[in-house]
Amino acid sequence: MPKNIFVKTNLFYKEKGLLKFFIYSPVIKEYAFYTLFPNGLILFIYDKKNTNQYTYISANWVKSIYKIFYHIKGNIKIMSYKGDILKTEEIFWDRRKKKIFNKKYTTIISHSNGIILHATNGIEASEDLKKIRLKNISGTFPIK
């Protein structure tokens, strides 16, 4: 049984007066060792130096273990502050190592140059999407 259940929740987290992240979720269930977002969430992670820059994450289902390791599933969209987009159906996020990874089909769309990449065997990336390793890729490159 969950120890707490929150409905239609907006969470703002600040450190030293600066907004670190914002979460909206229709339902949040807190258990002893993990937190479940059974109806998904929308998450904004703000840049340390510039709160006008953020990473956006949305998904249909999320399980947070000790707020360090996340298992995210269903219609996942991650957008960097530069407008680069990652789409997939399942991903894992290790906040300690600041990495995201999966072994699922993943699409990355680069806003700046129009490149679209498809990784059929998954991805390993930094959580800010600055360093990305795609497995078994194909893609579309614009010709100028």
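## Cavity, pocket and strand pairing

In this predicted model, the largest cavity is lined by Ile-45, Thr-55, Ile-57, Ile-72, Ile-78, Ile-91, Trp-93, Ile-100 and Glu-127. Its lining comprises seven nonpolar residues, one polar residue and one charged residue. At least two of the lining residues come from each of S5, S7 and strand S8 (85-94). The count of cavities of 30 Å³ or more comes to one.

The model also has a largest pocket, with 36 residues in its lining. Lys-20, Phe-21, Ile-45, Trp-93 and Arg-95 are the lining residues that lie nearest the centre of this pocket. Two or more lining residues are given by each of strand S1 (4-15), strand S2 (18-30), strand S3 (34-37), strand S4 (41-46), strand S5 (54-59), strand S6 (61-65) and strand S7 (69-79).

The volume and the lining classes of each space are set out below.

| Space | Volume | Nonpolar residues | Polar residues | Charged residues |
|---|---|---|---|---|
| Largest cavity | about 60 Å³ | seven | one | one |

Strand S3 is paired with S2 and with S6. S2 and S3 run antiparallel and are joined by two bridges; the two strands form a hairpin, with three residues between them. Within this pairing, Glu-30 has Thr-35 of S3 as its bridge partner. S3 and S6 also run antiparallel, and four bridges join them. Here Tyr-34 is the bridge partner of Ile-65 in S6. S2, S3 and S6 are among the strands that give two or more residues to the lining of the largest pocket.

Methods
Residues numbered from 1 in each chain as written. Predicted model: local features only at pLDDT ≥ 70, side-chain atom pairs only at ≥ 80, totals over all residues. Heavy atoms only, no water. 1 Å grid on protein atoms, 1.4 Å probe; cavity = no way out; pocket = protein on both sides within 12 Å on 5 of 7 lines; lining within 4 Å. Points joined across faces, edges and corners; volume = space filled by probe spheres on them. Nonpolar A, V, L, I, M, F, W, Y, C, P; charged D, E, K, R; others polar. Pairing = 2+ DSSP bridges.
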